[in-house]
Amino acid sequence: MRVLVTGGTAFLSRAVAETAIARGHRVVCLTRGASGPPPPGATHVRADWTLPDPGPPPDGTFDAVIDVARRPARHVRLLAERMRDRVGHWTFVSSCLVYRDRSTPGATTDAELVEPAETGPFPQAKRAAEEAVARLFGPRALIVRPGLIVGREDRSDRFGYWPARIARGGTVLAPGEPGDLVQWIDVADLAEWLVRCAEQRRSGVFDAVGTPVGFGAMLDGMVAALGARCDVVWVPQDFLLAAGVAPWSGPCSLPLWVRRPEEAGLLSRDPRPAAQAGLSCRPLAETVRACLDWERSLGPERERRAGLDPATERAVLDRWRAQRG
């Protein structure tokens, strides 16, 4: 196949391009060139879709496009419109954040969606892009809504914090309850599935998520995978919020922790439809080791986008112990 990948220079788009090349496809990466070159073996076409006139799209016809764009929905629509008659199959990678209800565990793609808005916030813009792709390509379109994507080259720190913290050992502050469900998808597994779906010209809408597991079981798996020596202390949600610890991401946060019950469904969507369509997930240990290698390559002393620094973690734990007497 001749495959067009939007991006191809970082994280998911790069993994998609590398996977497609490894599977023998001719890959063209459409990018501004701001994040470095695409992988060896790909053809690089530059276009800046942030400009009013980004220039002509790539020449020729394509068997498939895999669009992982985070850019505004207008740019997704413009590219799709300009290439509609030269593409056999279009995959658009959206997000599980397009669902209005984030509180219901086990929800499916039938759940209510946010209102589309090309110039709106991330979820609304992604929804508008979905609608444009579905309208233009119909049965030739695949809409994929991943949950939390993790793995090598993830710079969000929303998963990598935990392997790095477990590897450091000692007393680990864990949020909420051990049975609170969490869910992720390894970037390598997602990339392989996206390419195979393009090969099969699969259509429809899927949540690309792994099987939900308890937060405690995940941490136990990390400890086992890394051979770490840890003492995990579970601290209730209300105490953490009162202590100024934020859920999910950002400064002074604990990743993979979401407010419950308001967002209990955010990391526990139904994984079965995608699994039945061929999405398979590698063992946790493989993902953990890859994430730790990536964390170490970035350097442990860097400024993090999510997580607690050691001093803050100790201070919160001290306050929790003092309260308990």
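What share of the contacts in the chain with a separation of 6 or more comes from residues 24 or more positions apart? In this predicted model, such residues account for 76% of those contacts. The chain holds 10 helices and 17 strands. Its radius of gyration is 20 Å, close to the 20 Å given by the globule rule for 325 residues, so the chain is as compact as a globular protein of that length. The C-alpha trace spans about 70 × 40 × 40 Å along its principal axes.

Of the 325 residues, 52% count as buried.

Helix α3 covers residues 122-137, a run of 16 residues. From its first C-alpha to its last, α3 reaches 22 Å, close to the 22 Å expected at 1.5 Å a residue. Buried residues of α3 include P123, A125, A128, A129, V133, L136 and F137. Residues with charged side chains are also found among the buried positions of α3, including K126, R127 and E130. The buried residues of this helix pack against α2 (73-83), β5 (87-93) and β6 (141-146). Just after α3, G138 takes a positive phi of about 50°.

Helix α2, one of the packing partners of α3, contains V76. The relative accessible area of V76 is 0%, and the residue is therefore buried, the cut-off being under 20%. Between V76 and S280 there are 204 residues in sequence and 28 Å in space, taken from C-alpha to C-alpha.

Several backbone features occur in loops. W248 is found in the loop between β14 (246-247) and β15 (250-251). Although W248 is not a glycine, its phi is positive, at about 75°. W248 is partly exposed, with a relative accessible area of 21%. L256 lies in the loop between β16 and α8, and this residue, also not a glycine, has a positive phi of about 70°. In contrast to W248, which is partly exposed, L256 is buried, with a relative accessible area of 0%. The loop between β16 (253-254) and α8 (272-276) also holds P261. A cis peptide bond joins R260 and P261, with omega at about 15°.

Methods. Residues numbered from 1 in each chain as written. Predicted model: local features only at pLDDT ≥ 70, side-chain atom pairs only at ≥ 80, totals over all residues. Heavy atoms only, no water. Helix = DSSP H or I, 4+ residues; strand = E, 2+ residues; numbered from the N terminus. Rg over C-alpha atoms; globule rule 2.2 N^0.38 Å. Buried < 20%, exposed > 50% of the residue type's maximum accessible area, 1.4 Å probe, protein only. Contact = heavy atoms within 4.5 Å. Expected span 1.5 Å × (residues − 1).
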